[in-house]
Amino acid sequence: MTVIPKVGFGQDARWTAGGSADGAPLDRALLGGDPAIGVPEACWLDGGAVRLRIEGRDPSYPVVLLGSMGAWIEPDYRTSFPFGSAVRARLYARDVEIGPLSAVLVLQSMGLRGPLIGLSFQDATPSRAAGQIHDVLRALVDEGVAKAAAASLFRPSATDAGQVREIIDDPRRVRNILGFLLRRKGVVRRSAESAPPLCVMLGEVGAGTVTWFGIKGWSEDAAVEIAGQNSVFRFNVRADEVRPGELVSALPARVERLRKSLQQRGVEADLTARFLHPQWLHIPPIEAEVVDVSFAGLRMALTRGHPPLLPRLKLSLELPDGDDGVVHLRGEVRSVSAVEGSDTQLCSVHVTAARREDERRWLRLVSRILHATTYGGTAWQAELWDLFDSSGYFNLSGRRPEHFEAIKPSFLTMAQKAAAVPHLLYNVACLSEHGIEGNFSIMKPYHSTWMIHQLAKRPKSASNLSSRQVLRDMFTRCFEHAMADPECRWIIAYAEAHVAWNERSLFEFARARQETGHVLSLPFRLMGVDARAAPRAPHVAGGQIEIGEPTPGEQAALLGLVCATSPRMYAEALDLVPGRLGMGPCVERWRSAGLERERALLVARQHGEPLAVAVLELGELGTNLFRLLDSVRIFPMHPGGDAALGPLLDAACGWFRAHDRKSFIYFGERGKLTYEGPAGLLDLGEGRLWLVARELVPEFVEHVYRLTEPKLR
């Protein structure tokens with residue numbers, strides 16, 4: 001758990017109502033600047049560091065989740081546990097024995113880990129045992145084998161207002177979901193109220209049947225729940241064949257998916273919020289502990305003595321940002337629940353930043369809390385360059401490492417600038433005790449579109465982090481960062497066509513869901529253009545070609561052509577729509593941050609008739625190592641327009657030279673360019689423009705989660 005200073009309002013002059021100017025970036029250097037790590041309330045454990053034995057049963061079980069409130073183990077599908085009954089148990093950590101402990105057996109689905117058997121410790125548990133558990137957790141955190149778990153895992157939670165319910169009845173999608181959940185653990189909810197839940201595992205998916213493995217088969221109809229990364233899937237299952245330890249059912253006709261937005265994922269934080277009660281303005285500001293925090297919300301614990309909060313109340317909140325500043329948020333109470341056996345009230349609040357500077361602070365703060373293995377910052381420019389070299393990134397698209405030396409100074413400078421503008425540029429590095437294991441970047445080049453790029457991973461590492469975890473953690477952080485932007489509607493990637501990871505992650509996902517209309521994978525030919533060549537006189541057979549700026553009528557014709565010949569997602573995501581063709585708001589946002597961003601249009605005419613239009617774009621040098629923001633797209637306006645491609649490319653060379661660029665990228669979305677001009681062209685190979693709508697992002701992250709499952713030992 002990352003500890004955020006819990007400064008009381010009014011105790012520090014810097015916590016003023018108006019906030020303070022941005023200080024140093026929130027992120028610290030990995031090996032020397034981080035604050036001390038505190039002991040979480042509960043921890044996920046690895047490697048059987050702690051084992052549990054229930055009195056009266058022979059085997060001991062490795063504990064996967066431990067806190068002073070309870071201990072949780074994974075079901076073995078051989079033992080039938082009497083849920084709801086009281087038991088006595090002992091914990092064993094190294095050579096320390098803790099217990100006996102009074103507990104109640106419960107079954108709960110815990111998200112990523114599948115269903116867990118829980119021993120909820122009772123009030124009779126001695127305080128000495130709680131202290132021993134705390135000491136064990138401290139030692140395991142220091143050893144790096146324990147990771148913080150959200151405090152809400154041990155508390156009753158109210159219905160999440162951000163939950164989305166979806167019914168999927170397309171047989172192909174149902175089958176795809178079952179395939180993704182293969183070997184995942186779930187819970188059987190039987191129809192009889194008195195019937196205890198059962199543990200189950202999705203074992204096999206046949207042509208029209210599904211095999212479920214469990215402690216024992218069940219004969220009556222039942223609902224099976226299996227959790228993914230950010231969704232819970234529910235199937236209605238009827239037993240067609242019951243065997244010892246397994247059940248065979250028909251392929252479910254439909255799946256119910258309960259999904260949260262990515263930014264709803266919350267973790268524990270040591271944080272205090274302050275607010276004025278909107279119905280009790282005459283009392284002093286209320287301070288409340290924040291028990292869970294996410295990009296889109298937080299949950300506060302209000303104790304006795306505070307006026308209650310009610311759903312739909314509007315709040316203005318202040319929190320410390322960890323850099324001696326304050327974050328101002330606007331909130332709305334979504335749900336309120338009482339903690340059983342306590343005077344505490346848990347309040348879930350949906351929040352948004354009050355101002356632009358608050359948005360930047362909030363992004364930094366939540367990113368730091370949510371992600372334990374990744375770093376959103378730019379303190380290791382030289383190390384990043386070494387990572388790109390050793391990972392093979394500099395060899396993509398037929399390039400060689402020496403081709404990137406010219407852009408290295410701009411890249412390192414840009415990496416430093418990015419820390420101040422997380423609403424436009426964000427770099428994610430995956431870190432271990434050995435340094436940087438991987439890098440993934442995301443930026444916002446258009447009004448409502450984020451672009452993922454520069455994915456690099458060290459091929460071999462002495463770290464405990466597997467390659468799969470590195471990819472999973474970086475993808476999750478980048479996509480959560482984009483989804484935290486309320487303007488985000490699309491995420492795009494310019495991906496090399498013949499990279500195995502791109503095929504498995506991006507392209508396979510697009511093919512399987514193309515009928516949804518929310519994902520695209522469009523081919524292009526990437527061409528590098530040397531802009532230093534002198535342009536030739538524009539002409540073709542049959543008459544001279546004139547190059548100039550398009551008239552309003554020609555701009556409207558271009559937009560009509562794009563609308564008629566390209567998917568709507570393509571036009572929307574790239575700002576090729578009315579009102580955004582000039583990218584005015586986006587350009588202004590980049591320029592106000594001290595960064596270059598520009599779009600220009602050139603039209604080629606013959607005898608006064610437009611042949612083709614070139615869309616030229618410029619981005620801050622160093623934002624991408626392949627210079628993807630310095631680009632040209634050419635749209636023939638009618639048959640014969642291909643003849644103007646060469647003259648337009650020559651004119652683009654002059655435009656980029658005037659903007660101090662020596663080269664740029666041509667996106668050949670109509671195939672390989674036939675060109676006989678003075679500019680030097682380098683064929684960088686086949687690529688695909690991958691584009692996903694916000695609605696499918698949680699499902700895509702589920703897809704990545706499946707691909708990065710740890711290998712079975």
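Helices here are DSSP runs of H or I with at least four residues, and strands are E runs of at least two, numbered from the N terminus. This is a predicted model, where local features need pLDDT of at least 70 and side-chain atom pairs count only at pLDDT 80 or more, while totals for chains, interfaces and linings use all residues. Residues are numbered from 1 along each chain as its sequence is written, and side-chain values use heavy atoms, with hydrogens and water left out.

Select residues 467-483, which make up α6.

**Stop two: the cores.** A nonpolar core is a set of buried Ala, Val, Leu, Ile, Met, Phe, Trp, Tyr and Cys residues joined through side-chain atoms within 4.5 Å. The largest has 60 residues, and Leu425, Ile492, Tyr494, Leu576 and Leu625 have the most contacts inside it. Apart from that core lies another, of 35 residues, including Ile54 and Phe121.

Now click Leu625. Neighbours within four places in sequence aside, its contacts (heavy atoms within 4.5 Å) include Trp385, Phe411 and Gln454.

**Stop three: the lining of a cavity.** On a 1 Å grid over the protein atoms alone, a cavity is a set of points where a 1.4 Å probe fits but cannot get out, and lining residues have an atom within 4 Å of a point. Select Ala418, Asn427, Ser441, Gln454 and Thr623: of the 15 residues lining the largest cavity, these lie nearest its centre. Which helix gives the most to this lining? That's α5, with 4 residues.

Note on methods
Expected span 1.5 Å × (residues − 1). Buried < 20%, exposed > 50% of the residue type's maximum accessible area, 1.4 Å probe, protein only. 1 Å grid on protein atoms, 1.4 Å probe; cavity = no way out; pocket = protein on both sides within 12 Å on 5 of 7 lines; lining within 4 Å.
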